[in-house]
Amino acid sequence: MGTMIQRYGLTESDYSCGPFEGSPKELKGNNECLNLTRPDIIKSIHKEYIAAGADIIETNTFSANTISQAEYGCEEYAGKMAYEGVRIAREAADEAFAESGRKVWVAGSVGPTSKSLSLSPDVADPAFRAYSFEEMMEAYHEQVDGLVRAGADMILVETCFDALNVKAALAAVRSISRDIPVIVSVSVGDRSGRTLTGQTLEAYRRKS
């Protein structure tokens, strides 16, 4: 999603308009804002993936939670970003079904945030955590609630680097729905510090 958005060459004005007009912080790069300011672009990207043959499309909601949005001063919009992200994807998927009878599934994207529950960001204070488990779970709860209410077919907890963050996300999901399917993808660092995901990780395993 991020790479596809970059292709449009958007400027700050595409992000800092509508509900974000007059924002004291630069919002360019906060892609979840586009769910509220440029839904046309997000929908076009979903339709490109559908046209390319994707059976599952991923919502533009990776950072649609209060913890991630606090960095931009947009935390009050996190839940709406999540809801609108699914609504846009759902619209594209439903149009595909209406046009050709083809079922396209919508996966509600849930990112890891930039905070770790397992490791302290302060080497001088190993016990310090920026957020508690309960606070992390609460942030995920609001995000997942928006995703589910808007009609996501599944939840994708993605690019995970901290098992406790994943536990908080899964606890939030199950507090909302015990039936919705959940996919978890992880990022794994090898001994040289490289990040391995998906096919790269599988190739590394074969080589090892």
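Which side chain does E95 meet in a salt bridge? The partner is K47, at 3.2 Å from N to O; a salt bridge here is a side-chain nitrogen of Lys or Arg within 4 Å of a carboxyl oxygen of Asp or Glu. The pair links distant parts of the chain, with E95 in helix α6 (residues 78–100) and K47 in helix α4, 48 residues apart. Helices are DSSP runs of H or I with at least four residues, strands are runs of E with at least two, and both are numbered from the N terminus. E95 is partly exposed at 25% relative accessible area, and K47 is partly exposed at 34% (buried is under 20%, exposed over 50%, partly exposed in between, using a 1.4 Å probe and protein chains only).

The model is predicted, so to speak of local features takes pLDDT of at least 70, and side-chain atom pairs count only at pLDDT 80 or more, while totals for chains, interfaces and linings use all residues. Residues are numbered from 1 along each chain as its sequence is written, and side-chain values use heavy atoms, with hydrogens and water left out.

A search of the whole structure turns up eleven salt bridges. One of them joins E48 and R7 at 3.6 Å, N to O. E48 sits in helix α4 (residues 39–51) and R7 in the loop between α1 (2–6) and α2 (12–15), so this pair ties together parts 41 residues apart in sequence. R7 is exposed, at 58%.

D153 pairs with R90 in another salt bridge, the closest N and O atoms being 3.0 Å apart, and both residues are buried. Salt bridges with shared partners also join K43, K47, E84, R87, E91 and E95 into one network.
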